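Hi,

Here's the structure I promised to pass along.

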Amino acid sequence: MIENLSKLNIVRIGNHISYSSLKEIGIKIVESFHEVIKEFTLSHYNTPTLDSIDAHLLTKILNYEYDGHTLGITDADLKTRDEDEFYNSIFGGKNPTNDVAVVSTKKLAPPQIDSEKDYKLYVERTLKVSLHEVGHNLGLTDHASYKAANGGSLCPMSRGELNKFGYIGYIKAIIDSRGLNFCDECNDFLKKIYTSFTMNI
Ligand SMILES: [Zn+2]
Ligand SMILES: [Zn+2]
C-alpha cells in the first residue's frame, strides 16, 4: 500500500483551472514530497455543474472511479455534516478509510480573477491546500501552532484556527503564509516511513 502512494492521480472536477496549471500543481507536489511521491497522472471527471457537494461522498466516488492515491480538485463547495457553520464547508479533506483527498477552490479564488496575478494566486493557494491534504494521505498530522520550515515560510501542515480568523482572514494568515517546503518534523516522519521502506525491499 505504501508503494502505491508514490503515484498520485490528480483529478479535476469542473473546469475552473487549466490543465497546464494542474500539471504545475502536480510537478510541485512531486518536488515537495521528493522521494515519496514520484509521479502523477491528470484526469478530468465529468459531473454536472455543482454548487456544492458532500466531501465524504466525493471521496467515495473518486475512490470508486480512480483506484489508489487520489487528489480531487473541485470548484464546488465541499460540505461536511458538521453542525458548526464554520466547519461545515471546508477547503479540503481526506477520507480516513481510503487514500483519497479532496480540495475545494471555491473560497480560494480572489473576489475576481482579472489578471494573471490573481490567477497565479488562485493556483498557488490550490497547491498549498493540496499539499496539506496529500500530506494527510501520507500520514502527516496538523500543526496546531505555526511551524516554520526551511526558508521561513509556514510548513504546509500548519493549520492554525479557522474560528479566530474567519475564512478570508484564514486564507491570508495561514494559507498564504505557507511555503512549499515541509518542516523538519514532517520530513523526518516521511523519511522514516517511506524511505526506509524502499531501502528494505
Ligand atoms: Zn489538516
Ligand atoms: Zn511540518
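Predicted model: local features only at pLDDT ≥ 70, side-chain atom pairs only at ≥ 80, totals over all residues.

The zinc ion (ligand 1) has three protein donors: His132 (NE2), His136 (NE2) and Asp142 (OD), at 2.0 to 2.1 Å. Along the chain these donors follow the spacing H-x3-H-x5-D. Both histidines sit in helix H3, four residues apart, which is about one turn of the helix. His132 is buried, at 6% relative accessible area. H3 itself covers residues 116–137 and spans 31 Å from first to last C-alpha, close to the 32 Å expected. After H3 comes Gly139, with a positive phi near 100°.

On to the salt bridges: the count is nine. Lys106 pairs with Asp51, with the closest N and O atoms 2.7 Å apart. Lys106 is in the loop between E8 and H3 and Asp51 in the loop between E2 and E3, so this pair ties together parts 55 residues apart in sequence. Asp51 is exposed (56%), while Lys106 is partly exposed (37%).

Asp77 and Lys107 also form one, at 3.1 Å from N to O. Here strand E5 is linked to the loop between E8 and H3, 30 residues apart. Asp77 counts as buried at 14%, whereas Lys107 is partly exposed at 21%.

Then there's Glu185 with Lys147, at 3.0 Å between the closest N and O atoms. Glu185 belongs to helix H5 and Lys147 to the loop between H3 and H4, so the bridge joins parts 38 residues apart in sequence. Finally, shared partners connect Asp77, Lys79 and Lys107 into one salt-bridge network.

Cheers

How values were computed
Residues numbered from 1 in each chain as written. Chains lettered and ligands numbered in written order. Heavy atoms only, no water. Helix = DSSP H or I, 4+ residues; strand = E, 2+ residues; numbered from the N terminus. Expected span 1.5 Å × (residues − 1). Donors = N, O, S within 2.8 Å, 3.2 Å for Na, K, Ca; no water. Buried < 20%, exposed > 50% of the residue type's maximum accessible area, 1.4 Å probe, protein only. Salt bridge = Lys/Arg side-chain N within 4 Å of Asp/Glu carboxyl O.
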